[in-house]
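Subject: Handover of a structure and findings

Dear colleague,

Please find below the structure that I am passing on to you, together with its sequence.

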Amino acid sequence: MSEFPSVLAVVVVRDGTLPAGADESVAEAGGAVLLVGSGTEEASSRLTSAVRVWTAGTGTAPGTLAATLAPLLAPVHTVVLPASPDGRDLAPRLAAALDRPLLVGAVEVLPHGADVLRWGGQALVELTVDGPYLVTLEPGLRGVEPAAGTPERTAIALPAFGGAAVPDARCLTTLEATAETGGLAEARRIMGAGGGLGGAEEVALLVRVGAALGAAVGATRVVTDAGLLGYERQIGTTGVTVDPDLYIAFGVSGAPHHTGGLGAPRHVVSVNTDPYCPMTAMADLGIVADAAAVLTELAQCLERDDESAL
Ligand SMILES: Cc1cc2nc3c(=O)[nH]c(=O)nc-3n(C[C@H](O)[C@H](O)[C@H](O)COP(=O)(O)OP(=O)(O)OC[C@H]3O[C@@H](n4cnc5c(N)ncnc54)[C@H](O)[C@@H]3O)c2cc1C
């Protein structure tokens with residue numbers, strides 16, 4: 001294990017699923033990654049930016065995982081974790097176990113620190129540290145270029161942690177993700193509610209249509225401030241950063257505070273009465289129409305196709 005390079009990404013995998021930002025963290029670490037958790041070998045084949053991969057089947061309880069990993073990671077100068085839910089759980093515990101500083105919310109890892117976002121994304125601050133450190137990288141901002149060739153993969157067995165019991169987080173239950181509760185950061189499809197969509201009735205319909213299409217529902221601040229959806233559904237510089245394959249925006253103007261958290265969606269559809277609004281300008285498909293009417297029509301199409309869809 002002493003072969004770990006001086007910069008290494010550490011990514012927690014659950015049942016073979018990579019978290020949001022996994023590939024970006026690997027790319028930021030120069031292509032070297034240690035995958036831990038469950039289904040790590042399966043997950044390793046989905047990485048596009050990896051050059052060198054180590055996989056280890058472990059539990060995902062963050063305290064025990066940190067205690068197990070700390071001796072192995074001691075020679076590594078810079079440990080990069082995605083700022084995914086598991087990454088954010090593990091990073092501070094690992095930093096404490098390694099007795100190192102943790103730089104959170106980075107957009108770029110530097111040789112002696114990182115550029116981090118502060119003030120709700122309003123400021124970019126360069127933090128420098130003496131000696132080794134850990135970084136959590138914000139998903140959806142960096143993007144990745146696929147690495148050339150097939151990565152070299154090594155499965156390793158980690159020694160079971162034999163120290164005194166670590167106070168740890170316990171998973172009591174795993175809730176099924178719904179359009180309204182599923183993690184936005186990991187969602188591949190997102191339907192966004194903006195101020196032009198309407199009120200509670202239209203937002204409730206968006207949630208139902210989102211569920212039928214396997215999409216998570218996000219919102220602008222206008223919608224969360226109005227109490228139509230919780231703040232955890234807000235996409236933007238003071239909300240969640242996302243990176244979906246598809247973003248369908250209903251009555252969203254496309255203000256920089258919102259699009260700043262959108263990542264780089266592969267496809268964007270904007271439904272807006274204003275053909276010149278920034279959201280439609282960045283869309284692959286702009287539908288110039290009343291958002292509620294288009295949503296209602298979409299719901300009716302889904303109902304016609306499958307009576308149980310909504
Ligand atoms: C410090 C700070 C942080 C912020 N952080 C965030 C953030 O994290 N996320 C965020 O989203 N915002 C954030 N904001 C707010 C942001 O600047 C915008 O005000 C907000 O994103 C606008 O939301 P909106 O597009 O839904 O609403 P509006 O700006 O009100 O736009 C509504 C849109 O709907 C269209 N429309 C109107 N009627 C219809 C209709 N019937 N059918 C179809 N379209 C229609 C309009 O043409 C318009 O484009 C922040 C602001 C500040 C100052």
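In what follows, a residue is near a molecule or strand if its C-beta atom, placed from the backbone, lies within 6 Å of it. Please also bear in mind that this is a predicted model.

I begin with the ligand. The shell around the ligand holds 28 residues, and those that come nearest are G194, G195, G196, G236 and S253. By class, 17 residues of this shell are polar, eight are nonpolar and three are charged. Which elements supply at least two residues each to the shell? They are α6 (221–225), α7 (256–259) and β13 (267–272). Of the elements, α6 gives the most, with three residues.

The chain as a whole is divided into two domains. Domain 1 covers 7–155 and domain 2 covers 189–305. Taken over C-alpha atoms, the centres of domain 1 and domain 2 are 30 Å apart. Eight residues from domain 1 and eight residues from domain 2 take part in the contact. On the side of domain 1 that touches domain 2, three residues are nonpolar, four are polar and one is charged.

Next, the sheet of nine strands. This sheet is open, its order is β7-β6-β5-β8-β4-β1-β2-β3-β9, and the pairing is mixed. Its edge strands, each pairing on one side only, are β7 (123–128) and β9 (152–155). From one strand to the next, the twist averages 35°.

β1 and β4 run parallel and are joined by three bridges, with V7 standing opposite T78 of β4. Five bridges link β4 and β8, again in the parallel sense; in this pairing, T78 stands opposite Y133 of β8.

Helix α4 (residues 85–98) lies across β1 (7–13), β4 (78–82), β5 (102–110) and β8 (133–137), and runs at about 170° to β8.

I turn now to the sheet of five strands. This open sheet has the order β11-β10-β12-β13-β14, and its pairing is parallel. The strands at its edges are β11 (216–219) and β14 (285–288), each of which pairs on one side only. On average, and with direction ignored, neighbouring strands of this sheet are turned by 15° against each other. Strand β10 (residues 189–193) and strand β12 (residues 246–250) run parallel and are joined by five bridges. Within this pairing, R189 stands opposite L246 of β12.

Two helices lie across strands of this sheet. Helix α5 (residues 200–212) lies across β10, β11 and β12, and its direction is at about 175° to β10. Helix α9 lies across β12, β13 and β14, running at about 120° to β13.

Q300 is found in helix α9, which spans residues 291–305. Why does Q300 count as exposed? A residue is exposed if 12 or fewer other C-beta atoms lie within 10 Å of its own, and Q300 counts as exposed because it has 11 C-beta neighbours inside 10 Å. The C-alpha atoms of Q300 and F4 are separated by 55 Å, and the two residues lie 296 residues apart along the chain.

A299 also lies in helix α9. With 17 C-beta neighbours inside 10 Å, A299 counts as partly exposed. A299 and R46 are 253 residues apart in sequence, and their C-alpha atoms are 34 Å apart in space.

With kind regards

Note on methods. Residues numbered from 1 in each chain as written. Predicted model: local features only at pLDDT ≥ 70, side-chain atom pairs only at ≥ 80, totals over all residues. Helix = DSSP H or I, 4+ residues; strand = E, 2+ residues; numbered from the N terminus. Nonpolar A, V, L, I, M, F, W, Y, C, P; charged D, E, K, R; others polar. Pairing = 2+ DSSP bridges. Axes fitted to C-alpha atoms, helices over the stretch in contact; angles between N-to-C directions. Contact = placed C-beta atoms within 7 Å. Domains from an automatic or database assignment. Buried ≥ 20, exposed ≤ 12 C-beta atoms within 10 Å, placed from the backbone.
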